Amino acid sequence: MSSTAPRHTALDALHRSLGATMTDFAGWDMPLRYGSERDEHLAVRTKAGLFDLSHMGEITVTGPQAADLLNYALVGNIASVGIGRARYTMICRADGGILDDLIVYRLAETEAGSSHYMVVANASNAQVVLDALVERSAGFDAEVRDDRDSYALLAVQGPESPGILKSLTDADLDGLKYYAGLPGTVAGVPALIARTGYTGEDGFELFVAPGDAEKLWQALTEAGAPVGLVPCGLSCRDTLRLEAGMPLYGNELSTSLTPFDAGLGRVVKFEKEGDFVGREALQEAASRASENPPRVLVGLVAEGRRVPRAGYAVVAGGEVIGEVTSGAPSPTLGRPIAMAYVDAAHSAPGTEGVGVDIRGSHEPYEVVALPFYKRQK
């Protein structure tokens, strides 16, 4: 019997004590916001924000052929990832459609030659990814393990995040590059400290045992209070990633699109050794894309105040030329923004005469290159 009740993270009671507005997200009860989502968004851009991301799906892959399995199952070259590094990649169907976008961490290597990887899937796709990896592991000397219940995941994001974390750990954060991870202790709690995030800011994601999550949240809250850290919900996480031009599965990515359709063909590594699931279909998609560009993912900035939403038609000269995939008011730009797939002929930044059909009225929009926002390094 499958339960329809939402799952709760280890921090559920704490979120409620902070007065969070909760929402069902991919079967989890998650904080949407604690106060003003605009204030939470701006805190991450200028100071720091603390997120509970324990709904993400962790899958461990170990064994002598773990790298071979991941190279076969995913589109990236996972065998070339160094120990302590992470890589953004995708898992596709045999027809090239995207099942999910993932981050893969290479954590360790034993003397016996067994590798240890952690695959982090989106909450909504974790079971699909797990099932696909288990199915694709046949014939490989590797084990796929569902570790979703073994981890809580906290993220501290924003320009003040390195200072906040440094006050709580003796791990070498200065040597920790973007898309790298190292084991350490934060506020007395064993953690995998990863320099990753989904906000467009510098920041860290901390994988810890669920029983340690509350202690770590409180320690980060106290250490961050003097520099303006606030708890942040999923609502501002969405506007932050939208400003940073980062795709969201179910909006910009789906099984009906290949990575080439999504403008992310760079994650597909045809040069790696051996076959991988979707190789043939993706080679066809790549040659199609070079001869006849598919719709292109672009940024749209409103000239007015009306907010475009996913599914709204993008129009030019009375014709539908595309579709909005994500839209929201941008706290950083002070205007509504959207990501949309549009016909290649209308995809160049500055293209004139493009609008969005918002309930029958064609609102003017400026086509811009993604991302809308890039932090100053």
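Thr-23 stands opposite Met-30 in β3, a strand being a DSSP run of E with at least two residues and a helix a run of H or I with at least four, both numbered from the N terminus. The model is predicted, and local features need pLDDT of at least 70, side-chain atom pairs count only at pLDDT 80 or more, and totals for chains, interfaces and linings use all residues.

**The hairpin**

- β2 and β3 run antiparallel and are joined by five bridges, where pairing of two strands requires that DSSP finds at least two bridges between them.
- Two residues lie between the strands of this hairpin, in which Ala-26 takes a positive phi near 50 degrees.

**The largest pocket**

- The largest pocket has a volume of about 1200 Å³; a pocket is an open set of points on a 1 Å grid over the protein atoms alone, where a 1.4 Å probe fits, with protein on both sides within 12 Å along at least five of seven lines, and its volume is the space filled by probe spheres set on the points, which are joined across faces, edges and corners.
- Its lining counts 46 residues, of which Tyr-178, Tyr-179, Met-246, Pro-247 and Arg-266 are the closest to the centre, a lining residue being one with an atom within 4 Å of a point.
- β7 (98-109) is among the strands that each supply at least two lining residues, and β7 gives the most, with four.
- The lining divides into 29 nonpolar, five polar and 12 charged residues, with Ala, Val, Leu, Ile, Met, Phe, Trp, Tyr, Cys and Pro counted as nonpolar, Asp, Glu, Lys and Arg as charged, and the others, Gly among them, as polar.

**The second largest pocket**

- The second largest pocket has a volume of about 690 Å³, and of its 32 lining residues the closest to the centre are Leu-234, Ser-235, Arg-237, Asp-238 and Thr-239.
- Helix α7 (234-243) is one of the elements that each supply at least two residues of this lining, as are β2 (21-25) and β3 (28-33), and α7 gives the most, with seven.
- By class, this lining has 13 nonpolar, nine polar and 10 charged residues.

**Glu-243 in α7**

- Glu-243 lies in helix α7 and counts as buried because its relative accessibility is 1%, buried meaning under 20% relative accessible area with a 1.4 Å probe and protein chains only.
- The side chain of Glu-243 makes a polar contact with the side chain of His-41 at 2.9 Å, a polar contact being a pair of N or O atoms within 3.5 Å, of which, within protein, one must be able to donate a hydrogen and the other to accept it.

Key: Residues numbered from 1 in each chain as written. Heavy atoms only, no water. Buried < 20%, exposed > 50% of the residue type's maximum accessible area, 1.4 Å probe, protein only.
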